[in-house]
Every structure is written in structure tokens, then in C-alpha cells.
There are 2 protein chains.
Amino acid sequence: MSTDPTPDFGSVDALEVPPVSLEAEASALDADDPLKHHRAAFVGAETPLVYFDGNSLGRPPRATVDRLSRFVTDEWGGRLIRGWDESWMQLPFTIGDRIGALALGAASGQTLIGDSTTVLLYKLLRAALDAQMTADPRRVEIVVGRDDFPTDRYLVEGIAAERGARVVWVDVDTSRGVDAELLGAAVTDRTAVVLLSHVSYRSGYLADGAALTRIAHDAGALVLWDLCHSAGSVPVELDAWGADLAVGCTYKYLNGGPGSPAFAYVAERHQRTLTQPVQGWMGAADVFSMGPVYRPADGMRRFLSGTPPVLAMIAMQDTLDLIEEAGIGAVRAKSVALTEFTVRVADGILSPLGVRLASPRDSAERGGHVTLSHPAMRAVTAHLWEGDVIPDYRDPHGLRIGLSPLSTSFAETLTGLRAVADAVRAER
Amino acid sequence: MSTDPTPDFGSVDALEVPPVSLEAEASALDADDPLKHHRAAFVGAETPLVYFDGNSLGRPPRATVDRLSRFVTDEWGGRLIRGWDESWMQLPFTIGDRIGALALGAASGQTLIGDSTTVLLYKLLRAALDAQMTADPRRVEIVVGRDDFPTDRYLVEGIAAERGARVVWVDVDTSRGVDAELLGAAVTDRTAVVLLSHVSYRSGYLADGAALTRIAHDAGALVLWDLCHSAGSVPVELDAWGADLAVGCTYKYLNGGPGSPAFAYVAERHQRTLTQPVQGWMGAADVFSMGPVYRPADGMRRFLSGTPPVLAMIAMQDTLDLIEEAGIGAVRAKSVALTEFTVRVADGILSPLGVRLASPRDSAERGGHVTLSHPAMRAVTAHLWEGDVIPDYRDPHGLRIGLSPLSTSFAETLTGLRAVADAVRAER
């Protein structure tokens, strides 16, 4: 049947999952969903559009429209330059601490909002590598997954070249990520830093943060966690893991808006010893003395460089309010329910069409998105976009079904997956 | 009189500038101001507050409130991830080109909106230094003013240390900046890069862009212009100067909002040879192929690193509309009129109180702000803020009178300067 399905799709999977039961199941899941009222908090949730890309750019909360208007008129326009003294100088740290407390398992004073994800990764990776190479000149290796997000790989490649370090690439199955066994085989007494994705951007593989941190530490390496695809959907426990450093996006599950600035975490024990190379006025010990020589601030502020992007960090606070109300545990529970439902539906109606699950089947090893693989997926994605079903495509052959827990319903998910089935049939 | 002025200030300067004539002059200047209707375009212009800090954080245009609301609901909320394909990927270049055309004298394809000023300065300074040191290992010197903005100095200090380069500090009178004579004495055949401020943040000194660029080039050096305090108030002619590189703020005279991202200019002739060290996905030749090795994009995109800060670059477009309507020549004419009026008023009512002009007296050598010096200025600034007169303070003893041409009136300027006189009297 999978090589020659009938156009009447109902008959294809009737034996295992009668279609009628999927709609009923979606309805029941939505009715029982403790977070169902959050969906209405987002712009566009009332439209028929199916959004499977909240893992790339989250929807705006409705409250953000007012929040930005009030900011422009009352704070920027009303307080003008005084806003810096009154609150904006602290905003990178107050919002950072909120993200730390609500989503990262980070005690206060260790998280800030800074530059782009790429720039923050550069600064922290340089900080870690330079410190390790200074302490022990034999530690010249940076370990990173060969399947990690391009920015991570490109940065490591560039930093290794400029600092005389060496990249150790960890090869992974594209439907998984770097796990304990692979990492254990990659680290040695020459490893300076390990850059790890908590959730793989491609497969959605969820790494064991505590175990991988321990393996890196046992080898004497520092760990920099890329939390882009977990922050706000999968609970992170940086302090409990004993993590050293972390960076993550705020425009995905934290709905900060297109290109909103990233967060960075530096464990308290490293804040007096690590220094980063982009020495700007906001990282200096006394910002407004504007003295002749750069002396890095004590604590997290030394990881800032330029003027903090205040206007760009306003929006994410609305989603932090929602996560605070719901609790990250409930967010994760909804996320697991959405991905499990997606896997069940895919097994029922997409597997017979030759679509393969390219994410871990066990939800304990899976983050907030599910990747479905089929040779026609690039064309399928274009087809879906025309019908207002919006996933994204990642080589090779991967359709990513991103399921933002606060804004996605089970009915929306099913509607989208049925459209995927139609599109795969149309493209074959 | 200046050592023991009478409290009745009118009598102090009655001989030279009767106070009544200043009010009349301000009225006449406002009445004749061809840009007077632009002031009403800004939030808060109707309040009695005197704003002398538009050179630090510009007021928001009223249109920005609606622009941001529409962006959140229609573009971010309505187009969602599709916005990237439809326009956002190009936005760093379309807005960059507009700034280039309206304010920088830069032909299209050479300006982008990127990271913070500090991060862009780091990337371009590294790009220039690394290229120069590779081409000629004897070129290891970076020339920078000892009185330049802290970020410029701290960056140079850090980059020199990490690259094995050497800093050549140019000592300047704090009421001026790096001029042709000082630069000529600083550059040699060992100079790799010269980092120059077009308008000094402290004194408002306006450098001769063409002359200084020629002097640096004659020595075989590359020039990186810091345009933070000129962009949007003083016309810049990067192409005509033959400039190599430039970076500038957008939250000052371009009113992009607190912490809005900076712009960078790279002359077309350098775009295939210079590379910068923060290798992220957005700088790669083919962003979405996400290939195994970083290959920098041809053209300006190689100077991007992470996901562009789209939400944060929306606001500045309203001021670009206003500059387009007025023309940068008219903006500069108003700016000169405002600073000349400020100098006249200071001569009349502040000089007798011991206040010294710490900016060039010749408007051809002065940008958009005027710095007034007095030993009590730190306390004077605090005093003024309490009365809703908002300049800023810079060591040593400097009160900066920032005069944003589109949003400042002559009457507002006079009201503020009279308050300065009162505050100086009160603090003596």
C-alpha cells in the first residue's frame, strides 16, 4: 500500500487508525488540555492557518502589541535617556534572570540578554577556549557535532583557525544527536571545550544534559550548551547539571520577535576568571567613568559589549508571563503530548505513504519538534505553504513539525498533518 | 564679573546681549525654521521638558508607535516565518542602503544594519587588521585617539592584545579631536588601521573626512570611521572620501530606539577580500544549504553573523522618512543654526558665570552638540534633570548640549540654557 496508495486516504490506514478516531482524539486532547486557554493569547490563533514553525519564529502574544506601544510612548518617549538609569541598564539581567528561573534552572546572577545567538556563542566559546589553552597549552581541541546548526559549526571552524585550535567533529545519525556514547569517545585530555546542542535543530533529539556535562567535566573540558531549540519548551537544569556556559534563542519558543537578542548563561564560578574578546563600554567595571583602560566588570556584565538592545528585548516578557503562569513542567507536558500525538498520526497516515520518522521515537529523547522524512519533502513544503500550512524544510528531506506548546492545538496539529499526507500524495 | 556675578543675571550680560533679545531671537529663528513642522512628529514634543540628549538617545517619532503595532500584527503575526523570505532577509540591506543614500554618501550595496556598534566595530577592525597584517607583517599598528569613545579604545586595546598588534594613541585636546596634523604625525609604514571618530563624542569636534582618509591612505593604512555622533545630523561622504570602512549608531540622530542595531559600511572594493571572524550562518554564501564548511557570501552579507535583529530595525525607518523629506543638507543647516545659537547664548549668559565652551567655536569644525565646561557640571546635570531639562554629563566637567535637528526648537534650546545658568548659579 505504501508504494501505491489509493487516493481515498481513509482506506489506507483504516486497519490501524480509523481517521474518525484521530479527529475525536484531537478534540478530546484539546478539551483536556490545561493550557488550552493560552492559545487565544497569540496573534492569529483564530485564523485557519496551521503553524508548525514556532520552533523557528514563535507567534507574537497579543499583549506584545500594547507592550511595545506603551514602551515607545511612556518609556522611550516619556523617560528618554533617563530610562537607562531607571531600568534599562538592568534589563539584560532582570529579563535574563527571569528566563533563568522559569526555563533554565539557573539561579539569579548568571543569565543575561545580549547580542545575537551567534555573537554570544562566539564570545563564550572564545572565553572558554582562551582560558583552557592558557591553563594547559595541550588543551587545543573543540568538540562539536558534525550535524549541529551551521552557526555552531562555522563559529567553531573559524575560532579554531584563528586560535590555533583543532576541531573534533562528532559524527551522528541525522535522526539523533550527540549522546553519551559518542561524546565519551570524542573527549580526551586534549579537549578544551565541548559545544553541545540540547535539542538538535534537525532531528529534535534531546540530549541528557547532566550526563553529557559530567562526561565533558571528567575529561577536564568546559561545556557550552546551545539551548536554542529547548529554551521555553523543554525544562533545562543548568545549575543542577553543573553546566559551565549556555546560549539560546529567544525568538523561537520565547516569542521575542524576529531576530530578538539571545540569552547567555555563565556559571557563577566562572564569572571572575573568564573574559571575552569583544571589549566594549558596557562590559567595563565602571561604565560611565569611561576610564583609559578596559577592566572587565565583576560578574555577568563583563559578557556584555555594546549598548543593550532594549527595544528588542521588550517583547519576550509576554511569553515569560505565560510560562510563569503555566509552569515549565506543564509546558513540557503539553509539548510531549503534542509530539506523541504527531508521531501517532504520522504512524497512522504518513508512514503508509513512505514518510519516515526522523526524530527519536521515545519522547524522553525528543524535544519540541518532530522531523518527518521523505524524498519529496522540499516540494511538499512549498505545496503546504500555498495552503497556509507552515512547517519548514531542512536538508536532507526533512519536514520539521514544530509544536509550540503554548500556541498550538491538537486539532491544528491534525489538520496540518492531514495536509502533509495530501501534499505527499500530490508530489509523489 | 565672572568671579562674582550678581544674582540678578540680567545685569550681568546686559552690555552685550540683553536677555529680552535672546527670546526674540529664538522666536524669530523658530518662525523662519524650514524644518519647524518636523518637531511635532516626535513623541513628547508638546511637553515642557527640554531635551538636550537626542545625541545619546533620540526621541521616538510618533509614527513609530503605529509602525511597530502594524509590524507585530501584520508582519510578524500575519506572515510569521514567511516574512523572512518575503522581506526580512533583505531588510538589513534595504534599510542600510537607505541610510547610505540619505546620510552617508554611500552608493547602494555597501551598508547594512547588523549587530551593536561595538560588535560591528570589532568585526570590521579585525577584518581590516587581519588583512593588513597578512599582506605586510610589519603593519602591526592601530592608530586611535586617546580621547575617543570608550568602546573604540577598549576594542582596540583588546584586539591589539589578541592579535599581537600595537596601539598608537593620539593625544588630543579634550575640546577638539584628531585632526590632520595629529594624524599625519601618527601614521607610518607600520600603520595597519586608523580608527577615527567623525564627530567626537566629548567635544563635538567634526573631523575632515576627506583629508584624514587621504592621510591614512598615503601611509598605506585602512580607515575605519566611527560615525556614531554624525550619522543623521552631519552629512557624511564615505564614497567621495574614499573611505574603507565605517560603523555608526542608529539610536542617536536616527531615533531607532534604545539599543537599536548599528550600521556598517564596507567599500565595494574590499567586499571580496576582507573577512570577519564571527562566522555565523547569515554570513555564509548559501544560508539555507547549511553546508559543512563556512564559505563567506560575496558582497556585504559576509559581514553579518547571526539572525538579523528585524524587530529592532523597524523603528529607525520613520526618521529616515523625515530625513528623506527634509534632505540631509537642511538637517545640517538647522543643526549648525542650533549650535551657533547655543554658542551665542552661552557667550552671553554662561561665560560670565565661568562656563567655558569645550567645543570648537567654528561651526565648520563642530558636529551636532555643544559641550560646556564648568567644575560644577556634574552637580548641575543632576539639578537640571530634577527640573526636566535633560542634557548629559561627561568627564571632565562637561555638560553636553545635544541638539537633534528634527526635534529641537530654538525656544526649547534657550529655555534649557537659561536653566543651565540658574543651575550653575545654584551650585556655585
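Predicted model: local features only at pLDDT ≥ 70, side-chain atom pairs only at ≥ 80, totals over all residues.
The peptide bond that joins D395(A) to P396(A) is cis, with omega at about -10°.

In chain B, P396(B) likewise lies in the loop between strand 12 (392-394) and strand 13 (398-402), and the peptide bond from D395(B) to P396(B) is cis, with omega near -10°.

## Residues with a positive phi

Most residues other than glycine have a negative phi, and most peptide bonds are trans. With 33% relative accessibility, D388(A) counts as partly exposed.

L80(B) is not a glycine either, yet its phi is positive at about 55°; L80(B) belongs to the loop between helix 3 (63-79) and helix 4 (82-88) of chain B. At 1% relative accessibility, L80(B) counts as buried. Buried means under 20% relative accessible area, exposed over 50%, and partly exposed in between, with a 1.4 Å probe and protein chains only.

## How to read the numbers

Residues are numbered from 1 along each chain as its sequence is written, while chains are lettered from A and ligands numbered from 1 in the order in which they are written. Local features need pLDDT of at least 70, side-chain atom pairs count only at pLDDT 80 or more, and totals for chains, interfaces and linings use all residues, while side-chain values use heavy atoms, with hydrogens and water left out.

Conventions. Helix = DSSP H or I, 4+ residues; strand = E, 2+ residues; numbered from the N terminus.
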